[in-house]
Amino acid sequence: MRCALDKNQFEVVYQLILNLISGRIDHAETLIRWHHPARGVIDPAEFIPLSEETGIIQEFSDWVFLQAARQVRKWRTFILDFRMGLNISPVQFKKKG
């Protein structure tokens, strides 16, 4: 998976969330997708647990956070109070040592 990250096989996609009162988009949830060259799109339910077990989850999270921060900066030129949601693995909260 580390090699896949280095080879840009991952993509961040956004699930836009509508405000039902105004009918406008006011935030989005950030999602990660893996486009494996031989297997196609791999379900996050398959690779996220493996990334937690191998310890690469922090690298994934850092990469996703950077992508999301760049995207929200762009969207805030159109929607000033736009918010972005990110999922964080419980594994990342475990104290090391």
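**View 1. Ser89, in the segment after strand S4.** This predicted model places Ser89 beyond the end of strand S4, in the segment that follows. Ser89 has a relative accessible area of 7%. That value is under the 20% cut-off, so Ser89 counts as buried. Its side chain and that of Glu52 are joined by a polar contact of 2.5 Å. Neighbours within four places in sequence aside, Ser89 is in contact with Glu52 and Ile57. Ile57 is itself one of the buried residues of helix H3.

**View 2. Gly85, in strand S4.** Strand S4 spans residues 83–85, and Gly85 lies in it. Gly85 has a relative accessible area of 26%. The value falls between the cut-offs of 20% and 50%, so Gly85 is partly exposed. Apart from neighbours within four places in sequence, Gly85 is in contact with Ala28, Glu29 and Thr30. Leu31 is 54 residues away from Gly85 along the chain, with 9.2 Å between the two C-alpha atoms.

**View 3. Helix H3 and its buried face.** H3 runs over residues 57–75, 19 residues in total. From first C-alpha to last, H3 reaches 26 Å, close to the 27 Å expected at 1.5 Å a residue. Its buried residues are Ile57, Phe60, Ser61, Val64, Ala68, Gln71 and Val72. Seen down the helix axis, these residues fall within an arc of 100°, so they line one face of H3. The face turned away from that buried side carries the exposed residues Arg73 and Lys74. Cover for the buried residues of H3 includes helices H1 (2–6) and H2. Strands S1 (10–18), S2 (25–36) and S4 also contribute to this cover.

**View 4. The two ends of helix H2.** H2 comprises residues 44–54. At its start, a side-chain oxygen of Asp43 comes within 2.7 Å of the backbone nitrogen of Ala45. Just after the helix, Gly55 adopts a positive phi of about 85°.

**View 5. Trp34 and Phe47, an edge-to-face pair.** The whole structure holds 7 aromatic pairs. In the pair shown, the ring centres of Trp34 and Phe47 are 5.6 Å apart and the planes stand at 90°. An angle over 60 degrees counts as edge-to-face, so this pair is edge-to-face. Trp34 comes from strand S2 and Phe47 from helix H2, 13 residues apart, and the pair thus links distant parts of the chain. Both Trp34 and Phe47 are buried. Together with Phe10 and Phe60, they form one aromatic cluster. Phe60 also belongs to the buried set of H3.

**View 6. The protein as a whole, for orientation.** There are 3 helices and 4 strands. Along the sequence, their pattern is α-β-β-β-α-α-β. The C-alpha atoms fill a box of roughly 45 × 35 × 20 Å along the principal axes. Of the 97 residues, 25% are buried. Among contacts with a separation of 6 or more, 53% are between residues 24 or more positions apart. The accessible surface comes to about 7,000 Å², and carbon and sulfur atoms account for 56% of that surface.

Technical notes. Residues numbered from 1 in each chain as written. Predicted model: local features only at pLDDT ≥ 70, side-chain atom pairs only at ≥ 80, totals over all residues. Heavy atoms only, no water. Polar contact = N/O pair within 3.5 Å; in protein donor to acceptor, adjacent residues only side chain to side chain. Expected span 1.5 Å × (residues − 1). Buried < 20%, exposed > 50% of the residue type's maximum accessible area, 1.4 Å probe, protein only. Arc of directions from axis to C-beta. Contact = heavy atoms within 4.5 Å. Areas by Shrake-Rupley, 256 points an atom, 1.4 Å probe, with all protein chains shown as cover. Phe/Tyr/Trp six-rings, centres within 6.5 Å; stacked < 30°, edge-to-face > 60°.
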